[in-house]
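Q: I would like to learn how to read the features of a model such as this one. Could you take me through them, giving the general idea before the particular case?

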Amino acid sequence: MANKRDYYEVLGISKGSGKEEIKAAYRKLAKKYHPDVNKAPDAEAKFKEVQEAYDVLYDDQKKAAYDQFGHAAFDQNGGQNPFQGFGGGAFQDVDLGDLFGSFFGGGRRTRPQTGPRRGADAFMRIKINFMDAIKGKKVTIPVTYDEQCTRCGGTGAHSTSDIETCSTCRGSGYVKTRQQTIFGTMESQNTCPTCGGKGKIIRNACTTCNGKGYNHVKTDLDVNIPAGINSGQQIRISGKGERGHDGGTNGDLFIEVAVQPHEFFQRDGNDIHLEIPISFVDAAMGIDVEVPTVYGDVLLKIPAGAQPDKVLKLKGKGVGDLRGGSPGDQYIHLKIQTPTNLSRRQQELLKEFQKEAPKNESMFDKFKRFFKN
């Protein structure tokens, strides 16, 4: 246990963080280290570490135990659990309120969670090409999830009359035991062995799901990729995550989109950048050209005397805003090409051009003059 990191440190949260902060931190890190997304050698280990921290801190009873005793609260093999031998069972089955009440005459009582509980969210990642992200697309992806049984509504019973309150725990899901120890009478709380902590007994199981309360589903899911989505953004599919418990609803499925780069277009937010080559003659004299945009060709006027790396803007020709705002712009970066294999006639014409140039100081001479002062 000595090598384990603090669970709060693992999730990057403070000790006073609430359930929503814990869930948000888990979601972010699970997405970052999931082995299907992150291929780093230590990704799987970090993912398991994040999952373990979440499982403890999101459960009120386990969190209370961890806050009091740290990792020792769950060490069942190393002999460090301070409550081994006081009532049997793993530490998480102990009622801390009752235990401390035996010493100090009071304490907070914690009970196992019973009743419907929502399932955890699930995550997956899909790749789409650049233009599909710009224009939007419907994709079909295979998914596997547990769907609540429609026949029994997730109860696992053939009918409502087949659900009985557990007579052992009287519906609480736990039982208390008392033991005489060197400290006096100790009272512990354990999961009911009859109902497994559910507080109810199913006499006749649902014939559709065989009492599980859910059915395993494999299907193809149609997902609408909205126009303008960018890499790292997620699409939420309600109810296709991990199954709920005791009739609770499923969690949601979050699909992260990874957009493959384009050979020529480069995206920066909602703006598009494109380099186009033009000859030095066209740059000097100016020219009208049809340039590609993500929505088709557009006529662009390149002014005479354009300099290398000049940037021209096509307003509104960028990516449509995902939330309905103004679209981005497209920026054209001019890459002026100098010919390398001139014909004799071209060389003669350039010499004629050079002769017509002003006889005063050349541009390079002006540049060098600054270094002589």
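The dialogue below goes from the chain as a whole to particular rings, helices and loops.

Q: How many helices and strands does the chain have, and what share of the residues is buried?

A: The model is a predicted one, and side-chain atom pairs are counted only at pLDDT 80 or more. The chain has nine helices and 15 strands, and buried residues make up 33% of its 373 residues. Of the contacts between residues at least 6 apart in sequence, 63% join residues at least 24 apart.

Q: How many aromatic pairs are there, and how is the pair of Tyr26 and Tyr54 arranged?

A: A ring pair is read from the distance between the ring centres and the angle between the planes, and planes under 30 degrees apart count as stacked. By this rule there are six aromatic pairs. Tyr26 and Tyr54 form a stacked pair, with 4.0 Å from centre to centre and 20° between the planes. This pair links distant parts of the chain, since Tyr26 belongs to helix H2 (residues 19-33) and Tyr54 to helix H3 (residues 43-57), 28 residues apart. Both Tyr26 and Tyr54 are buried.

Q: Why does the pair of Tyr54 and Tyr58 count as stacked?

A: The ring centres of Tyr54 and Tyr58 are 5.0 Å apart and their planes meet at 25°, so the pair is stacked. As for accessibility, the cut-off for buried is under 20% relative accessible area. Tyr54, at 10%, therefore counts as buried, whereas Tyr58, with a relative accessible area of 23%, is partly exposed. Elsewhere, ring pairs link Tyr7, Tyr8 and Tyr66 into a cluster.

Q: Which lysine lies over the face of Tyr58, and which lies over the face of Tyr214?

A: Here the reading is of a charge placed over a ring. Lys19 lies over the face of Tyr58, at 3.9 Å from the ring centre, and Lys212 lies over the face of Tyr214, at 5.7 Å from the ring centre.

Q: Where is Ser17, and is it buried or exposed?

A: Ser17 is in the loop between helix H1 (7-11) and H2, and its relative accessibility of 7% makes it buried. A polar atom of the Ser17 side chain lies 2.9 Å from the backbone oxygen of Ser14. If residues up to four places away in sequence are not counted, Ser17 touches Ile22 and Lys63.

Q: At what angle do H3 and helix H4 pack?

A: Two packed helices are described by the angle between their axes and by the distance between those axes. H3 and H4 (residues 60-69) pack at about 100°, with their axes 6 Å apart. The range for roughly perpendicular is 65 to 115 degrees, and H3 and H4 are therefore roughly perpendicular to each other. Asp55, Val56 and Leu57 of H3 make the contact with Lys62, Lys63 and Tyr66 of H4.

Q: Which residues of H4 are buried, and what is found at the start of H4 and just after it?

A: Gln61, Lys63, Ala64, Ala65 and Tyr66 are buried in H4. At the start of H4, a side-chain oxygen of Asp59 comes to within 3.0 Å of the backbone nitrogen of Gln61. Just after H4, Gly70 takes a positive phi of about 65°.

Q: What is the phi of Asn210, and what is that of Asp309?

A: Most residues other than glycine have a negative phi. Asn210 is not a glycine, yet its phi is positive, near 60°. Asn210 lies in the loop between strand E6 (200-202) and strand E7 (214-225), and is exposed, with a relative accessible area of 60%. Asp309, likewise not a glycine, has a positive phi of about 70°. Asp309 lies in the loop between strand E13 (296-302) and strand E14 (311-314), and counts as partly exposed at 49% relative accessibility.

Q: Where is Cys152 found, and which residues does Cys152 touch?

A: Cys152 is found in the loop between strand E2 (137-148) and strand E3 (163-165), and is buried, with a relative accessible area of 11%. Not counting residues up to four places away in sequence, Cys152 touches Ala157, Cys206, Cys209 and Gly213. Cys152 and Tyr214 are 62 residues apart in sequence, while their C-alpha atoms are 8.9 Å apart in space.

How values were computed
Residues are numbered from 1 along each chain as its sequence is written. Side-chain values use heavy atoms; hydrogens and water are left out. Rings of Phe, Tyr and Trp (its six-membered ring) pair if their centres lie within 6.5 Å; planes under 30 degrees apart count as stacked, over 60 as edge-to-face and the rest as tilted. Helices (H or I, at least four residues) and strands (E, at least two) are DSSP runs, numbered from the N terminus. Buried means under 20% relative accessible area, exposed over 50%, partly exposed in between (1.4 Å probe, protein chains only). A charge sits over a ring if NZ of Lys or CZ of Arg is within 6 Å of the ring centre and within 35 degrees of the ring normal. A polar contact is a pair of N or O atoms within 3.5 Å; within protein, one must be able to donate a hydrogen and the other to accept it, and residues adjacent in sequence count only if both atoms are side-chain atoms. Contact means heavy atoms within 4.5 Å. Axes are lines fitted to C-alpha atoms, for helices over the stretch in contact, and angles run from 0 to 180 degrees between N-to-C directions. Angles under 35 degrees count as roughly parallel, over 145 as roughly antiparallel, 65 to 115 as roughly perpendicular and the rest as oblique.
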